[in-house]
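Subject: Structure handover, with notes on pockets and strand pairing

Dear colleague,

Please find below the structure that I promised to pass on to you.

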Amino acid sequence: GFIMSMYALLRSSKTPPSEEQLEECLAGNLCRCTGYRPIIDAFRVFAKTNDSLYICNSKVNLQGGQSVCPSTGKPCSCRSETVANSGNCTQNVTSGNQFEPVSYSEVNGSLYTDKELIFPPELIMRKLPPLNLSGFGGLKWYRPLQLQHLLELKEKYPDAKLVVGNTEVGIEMRMKNMQYQVLICVSHVPELNILRVEDEGLEIGAAIRLSELMQFLRKAVGEVSSQRTSSCQAFIEQLKWFAGKQIKNVASVGGNICTA
């Protein structure tokens, strides 16, 4: 999970990710053995960090013959030695072999020409059909593509559960012993996926995913004056701690309002 999350971030980023993007990307992945700090430190080489962690920019020798870690350039006990290079920065030497530090701050995965596609374009371009599925015990699952079809289904099944990311139904069925015979997925209804700026504010569809809303709000904050986007900034701060990225990618605005 950690590796695939970081892989997706690096492959989809046109510029090196920031440390904030890195930690946000890894949120939602659980570790039961090593803890999170070493994992984040390992992935930090891909983030926009200070190059002094990877390239020595200091001309001053360490006092008392302290060792320097070849990975971080900081004092440690990993048996590395520093050799002063007159006129240039200090070079790290490990076991008698010259260590050539490398900066990862210029990594740009979007420049790779031989990389495979992240998501098959055939699936993106595929025209989705409306679904009508039947399951065990008379369970029914519908996916309407038009608002009128959704209204007709809701009139026919007034007790039907409306879902988008379907992140809450499992909890309700397991923890609250709730049962649903008819589920209607409204994630592809155009009227529920509106996200735009109006003269009086923002129009946000109920089926908009939380990650999509967060990205939209960040763009608005960067383009509009802070006096008009203070509430947007508050939403961004709240969404950062609301859930992991995997949940925010599927959870909807309307669904969380209804279950709040």
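This is a predicted model: local features need pLDDT of at least 70, side-chain atom pairs count only at pLDDT 80 or more; totals for chains, interfaces and linings use all residues.

Residues are numbered from 1 along each chain as its sequence is written, and side-chain values use heavy atoms, with hydrogens and water left out.

Pockets

A pocket here is an open set of points, on a 1 Å grid over the protein atoms alone, with protein on both sides within 12 Å along at least five of seven lines, and its lining residues have an atom within 4 Å of a point. The largest pocket has a volume of about 790 Å³, a volume being the space filled by probe spheres (1.4 Å probe) set on grid points that are joined across faces, edges and corners. Its lining has 26 residues, of which Leu-9, Ser-12, Gln-21, Glu-24 and Lys-245 are the closest to the centre. Helices H1 (2-12), H2 (19-26), H7 (210-223) and H9 (245-248) each supply at least two residues of this lining, and H7 gives the most, with 6 residues; helices (H or I, at least four residues) and strands (E, at least two) are DSSP runs numbered from the N terminus. Because domain 1 (1-45) and domain 3 (193-259) both give residues to the lining, the largest pocket lies between them, with domain bounds taken from an automatic or database domain assignment.

The second largest pocket holds about 500 Å³ of space, and among its 24 lining residues Ser-252, Gly-254, Gly-255, Asn-256 and Thr-259 lie nearest the centre. Helix H10 (253-259) gives the most to this lining, with 5 residues, while domain 2 (128-188) and domain 3 (193-259) each contribute at least three residues to the lining.

Strands

An open sheet of 4 strands runs in the order E6-E7-E9-E8 with mixed pairing, where two strands count as paired if DSSP finds at least two bridges between them. Its edge strands are E6 (131-134) and E8, each of which pairs on one side only. Neighbouring strands of this sheet are turned by 20 degrees against each other on average, direction ignored, the axes being lines fitted to C-alpha atoms (for helices over the stretch in contact) and angles running from 0 to 180 degrees between N-to-C directions. Helix H5 (residues 147-156) packs on the sheet and touches E7, E8 and E9 (182-185), and the direction of H5 makes about 165 degrees with that of E9; contact means heavy atoms within 4.5 Å.

E6 and E7 (residues 140-143) pair in the antiparallel sense over 4 bridges, with Asn-132 facing its bridge partner Tyr-142 in E7 and Ser-134 standing opposite Lys-140. These two strands form a hairpin with 5 residues between them, and Gly-137 in the turn has a positive phi of about 75 degrees.

A hairpin also joins E10 to E11, here through 2 residues. E10 (residues 195-198) and E11 (residues 201-204) pair in the antiparallel sense over 4 bridges, and Glu-198 stands opposite Gly-201 in E11.

With best regards
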